[in-house]
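Please look over the sequence and the structure below before reading on. The paragraphs that follow go through them part by part.

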Amino acid sequence: MTKNKISLVDTDIHERVQYRDIVDRLDEPFRHYIENCHWIQEKHMPYTQPSVAGVDRADAILPDGRPAGSDLGFMQEQLLDEIGHEFGILTSALDPSPSSMHGWHEMAAALATAYNDWQIENWLDKDERLYGSVHIAAQDRDEAVKEIERVGSHPKMVQVLLPIDDIMWGEPYYHPIFEAAEKHNLMIGMHHNEPPVYYGKWPRYFIEWHTLIPTAHMKQITSMMFNGVFEKFPNLGLMMIEGGFTFIPHLMWKMDQQFRDLRHEVPWLKRKPSQIMKEQVRFTTQPAEELTKKEFMSLLEQMGTDEMLCFSTDYPHWDYDSPHRALPNMDPELKRKIFSENAKNFYPKLPNPEEG
């Protein structure tokens, strides 16, 4: 180790499954479709990838050629032990992504169940620092609720993971999912998938897509806000993962203005959107724009709170953020909040000695 360790709660770590790892956990006929018909979930990203390792760090690919994020021991050595993680939240590589499947909801639900069991056995039970995300096939709402009921009480499952692609999650049809999550002290984690922007299609270049990811996150927060999810489930929190954070003040101001002008349309909304965001929405920091300390502190002042940001590395992705370099220098108390305390206060299941 070359640098001082940091007490860190890393809110976005991508572990990766391979289909051969979970096929034995599937019942027939789903096992047959993968083993004998070589079925995999379609992925569509059309671009030349940003690095020689695709969207992953080249040095995170295992020496035997297995993909980055697929081996706990390698991740422990390269990330958890090297940095000194206190806790890490697993968010998967979204491949497969059961909630993103169009049609064949039965296969999606089977994949979600297999993934959750694989995650618990191979990651959560083997490293006390790691906590997990419940995968569901949300398009089949009732099956999704059953899966949350099945594994949501696991002490190391801290959130339900929903992809950001072509579903607006604030719609009342999905509210039973949030009810089940709240029942088990689970938060909602949202991470973009394919394609999150450009009216459901891909823009011409990766640089366009990657620049516009925050707009997809803004859409989901707005959907959850004005469809009354946060008022209906006051103990539910939303963690927006891997969309950055510099757009937060704009969104708060924009929604507050609309609330002043048009609140008659959403009478169930009792609090100002900015207040709800301060109380129930959090943001992982990666990919952090390179800000000066003055710019960073100004941004926090515009948010009106220093409790919304939770540091994330996004390991093992190509644009990984180092906790030693990604954010400007800050005083120890603020650093403690962003790197650790804010996440502990957000996730009820994370150990938090300060709460007694």
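A crossing of two helices is called right-handed if the near helix is turned clockwise from the far one by less than a right angle, and left-handed if it is turned anticlockwise. By this rule, helix 4 and helix 5 make a right-handed crossing. The model shown here is predicted.

Two packed helices are described by the angle between their axes and the distance between those axes. For helix 4 and helix 5 (residues 141–151), the axes come within 10 Å and the crossing angle is roughly 15 degrees. Angles under 35 degrees count as roughly parallel, and helix 4 and helix 5 are therefore roughly parallel to each other. On the helix 4 side, the residues that meet helix 5 are Ala109, Ala112, Thr113, Asn116, Asp117 and Ile120. Their partners in helix 5 are Glu143, Glu147, Arg150 and Val151. Sorted by class, the residues of this contact are four nonpolar, two polar and four charged.

A second pair to find is helix 9 (residues 248–262) and helix 11 (residues 293–303), which pack at an angle of about 20 degrees with their axes 9 Å apart. That angle makes helix 9 roughly parallel to helix 11. The crossing of helix 9 and helix 11 is left-handed. Ile248, Pro249, Met252 and Trp253 of helix 9 make the contact with Leu299, Gln302 and Met303 of helix 11. Here the classes are six nonpolar, one polar and no charged residues.

Which residues touch the most other members of the largest nonpolar core? They are Phe178, Phe245, Met277 and Phe283, in a core of 101 residues. Helix 4 (residues 105–124) gives the largest share of this core, eleven residues. A second, separate core has 15 residues, among them Val9, Ile89, Leu94 and Cys310.

Not counting residues up to four places away in sequence, Phe245 touches Phe283, Thr285, Ala288, Leu291, Phe296, Leu299, Met303, Leu309 and Leu327.

Leaving aside neighbours within four places in sequence, the contacts of His191 are Asp12, His14, Leu94, Leu161, Leu162, Pro163, Ile164, Ile241 and Glu242. His191 and Glu15 lie 176 residues apart in sequence and 14 Å apart in space, from C-alpha to C-alpha.

Some details of the backbone remain. A cis peptide bond, with omega about 10 degrees, joins Glu28 and Pro29. Pro29 sits in the loop between helix 1 (19–22) and helix 2 (30–35). The bond from Tyr315 to Pro316 is also cis, with omega near 5 degrees. Pro316 is placed in the loop between strand 8 (309–310) and helix 12 (332–346).

That loop between strand 8 and helix 12 also holds Asp314. Although Asp314 is not a glycine, its phi is positive, at about 65 degrees. Asp314 is buried, with a relative accessible area of 0%. Asn185, which is not a glycine either, has a positive phi of about 60 degrees. Asn185 is in the loop between helix 6 (175–183) and strand 5. At 44% relative accessibility, Asn185 counts as partly exposed.

Methods. Residues numbered from 1 in each chain as written. Predicted model: local features only at pLDDT ≥ 70, side-chain atom pairs only at ≥ 80, totals over all residues. Heavy atoms only, no water. Core = buried A, V, L, I, M, F, W, Y, C linked by side-chain atoms within 4.5 Å. Buried < 20%, exposed > 50% of the residue type's maximum accessible area, 1.4 Å probe, protein only. Helix = DSSP H or I, 4+ residues; strand = E, 2+ residues; numbered from the N terminus. Contact = heavy atoms within 4.5 Å. Axes fitted to C-alpha atoms, helices over the stretch in contact; angles between N-to-C directions. Parallel < 35°, antiparallel > 145°, perpendicular 65-115°, else oblique. Nonpolar A, V, L, I, M, F, W, Y, C, P; charged D, E, K, R; others polar.
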